[in-house]
Amino acid sequence: MTILITGGAGFIGSHLVRRMLHRYPQYHIVNLDLLTYAGNLENLRDVENLPNYTFVKGSIEDEAFLDQLFQQYDFQGVIHLAAESHVDRSIADPMAFIYTNVLGTVRLLHAARQHWKDNMDGKRFYHVSTDEVYGSLGETGFFTETTPYDPRSPYSASKAASDHFVRAFHHTYGLPVVLSNCSNNYGPCQFPEKLIPLMINNIQHNKPLPVYGDGRYTRDWLWVEDHAEAIDLIYHQGRIGETYNIGGNNEWKNIDLVHALCDVMDELLGRAAGTSRQLIHFVTDRPGHDRRYAIDASKLKNDLGWAPTVYAEDGLRRTAQWYLDNAEWLRHVTSGEYLQYYERQYAS
Ligand code: NAD
Ligand code: DAU
């Protein structure tokens with residue numbers, strides 16, 4: 001069985017590729033990734049020579065390329081993660097998100113349909129999406145699978161559009177799809193534009209810690225390998241046409257999370273308690289900033305028996321330690337394009 005994973009050189013994708021290669025040596029995993037600024041083959045060095053792994057560089061926006069790829073490999077399934085994934089970048093440049101997340105997803109759906117239409121038995125198209133499609137919560141309540149869509153950033157609007165196209169291909173053409181919408185992930189190999197690795201990197205280098213607005217925005221954090229496990233489970237056992245919410249049951253206000261990271265880093269770096277908290281700076285808020293996300297993952301728990309396994313204190317410490325142990329990885333990804341991005345994003 002050959003499975004196409006898109007975006008496998010990115011943060012979540014690389015954890016999923018590794019998991020699938022080790023757990024299913026009988027599968028051939030083809031990782032299709034354009035290697036944008038967020039894609040990094042260093043994330044997969046430990047598995048790149050496995051006999052059941054193939055990396056292909058290319059874009060999900062390229063119709064002719066996808067057609068040729070589907071001809072070359074008789075894919076049994078697709079797990080689609082490739083995307084532009086950072087909200088702040090979507091505010092600065094929405095078009096890139098429309099091309100990759102909307103057009104790219106539709107091109108991939110089209111390729112799967114063209115190549116599977118005569119026999120869809122046993123085929124599966126799994127679309128990996130985000131809880132941000134549901135909009136923003138107040139102090140209470142949770143997103144369920146039936147919460148109406150209310151995307152509020154160009155990123156979440158592009159993901160919502162892609163989700164709608166996936167469901168449309170199911171209802172219109174019978175494409176066997178399954179979807180999941182997940183909360184904020186964290187762990188090793190996350191690009192340091194996202195909150196947790198950005199703060200770890202800045203703490204280490206004694207740089208200001210930019211907390212948006214009043215810092216009381218809330219996110220539900222999930223250990224990335226728990227997400228990979230959920231994707232594996234849903235890919236194999238999820239019901240066709242269904243959507244599953246995935247979350248960490250682990251809500252933090254940003255400022256509390258940054259405090260916790262400062263304290264862990266002080267300990268790991270041998271600094272006096274309270275040193276890194278002094279680096280915190282409240283900066284101009286993100287436009288349209290969603291106040292709170294929180295996931296009700298009870299459907300996934302009840303139907304497929306999944307629950308998160310790594311809890312925050314352990315996960316944050318493991319993440320901080322990983323970045324300290326992988327200074328070379330961090331140095332590579334924080335050169336070049338990253339410096340220009342950082343300058344633009346945090347200039348004011
Ligand atoms: P990421 O930005 O780390 O990785 C995205 C990958 O997609 C990169 O390797 C990049 O090179 C690749 N890519 C981008 N454009 C491409 C194109 N045109 N063709 C082929 N490959 C391309 O993202 P991530 O954080 O690992 O997220 C993966 C998926 O999970 C995304 O679809 C995202 O929306 C979703 N998601 C992420 C989170 C999170 O907290 N990070 C939470 C829920 C859902
Ligand atoms: O909820 C799932 C989503 O989580 C994914 O779909 C996205 O791909 C992923 O990027 C993430 O989106 P967020 O916008 O929630 O993540 P980010 O790490 O960018 O920000 C987390 C919170 O921290 C958010 O409230 C904004 C705030 N923040 C972020 C940065 C980068 C700051 O206060 N300062 C910062 O410098």
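Predicted model: local features only at pLDDT ≥ 70, side-chain atom pairs only at ≥ 80, totals over all residues.

Me: Which residues touch the most other members in the largest nonpolar core?

Reply: In soluble globular proteins, nonpolar side chains tend to be buried together. Here the largest nonpolar core has 42 residues, and Ile 5, Met 20, Ile 79, Tyr 126 and Ile 246 touch the most other members. Elements giving two or more residues to this core include strand S1 (2-6), helix H1 (11-23) and strand S10 (243-246). The most comes from H7, with seven residues. A second, separate core has 37 residues, among them Tyr 212 and Trp 252.

Me: How many aromatic pairs are found in the whole structure, and why is the pair of Tyr 186 and Trp 223 described as it is?

Reply: A pair of aromatic rings is described by the distance of the centres and the angle of the planes. The search finds 18 aromatic pairs. For Tyr 186 and Trp 223, the centres are 5.6 Å apart and the planes stand at 75°, so the pair is edge-to-face. Tyr 186 belongs to strand S7 and Trp 223 to strand S9, 37 residues apart. Tyr 186 counts as buried because its relative accessibility is 1%; Trp 223, at 4%, is likewise buried.

Me: What is the geometry of the pair formed by Tyr 342 and Tyr 346?

Reply: That pair is tilted, with 4.6 Å centre to centre and 40° between the planes. Both Tyr 342 and Tyr 346 are buried.

Notes. Residues numbered from 1 in each chain as written. Chains lettered and ligands numbered in written order. Heavy atoms only, no water. Core = buried A, V, L, I, M, F, W, Y, C linked by side-chain atoms within 4.5 Å. Buried < 20%, exposed > 50% of the residue type's maximum accessible area, 1.4 Å probe, protein only. Helix = DSSP H or I, 4+ residues; strand = E, 2+ residues; numbered from the N terminus. Phe/Tyr/Trp six-rings, centres within 6.5 Å; stacked < 30°, edge-to-face > 60°.
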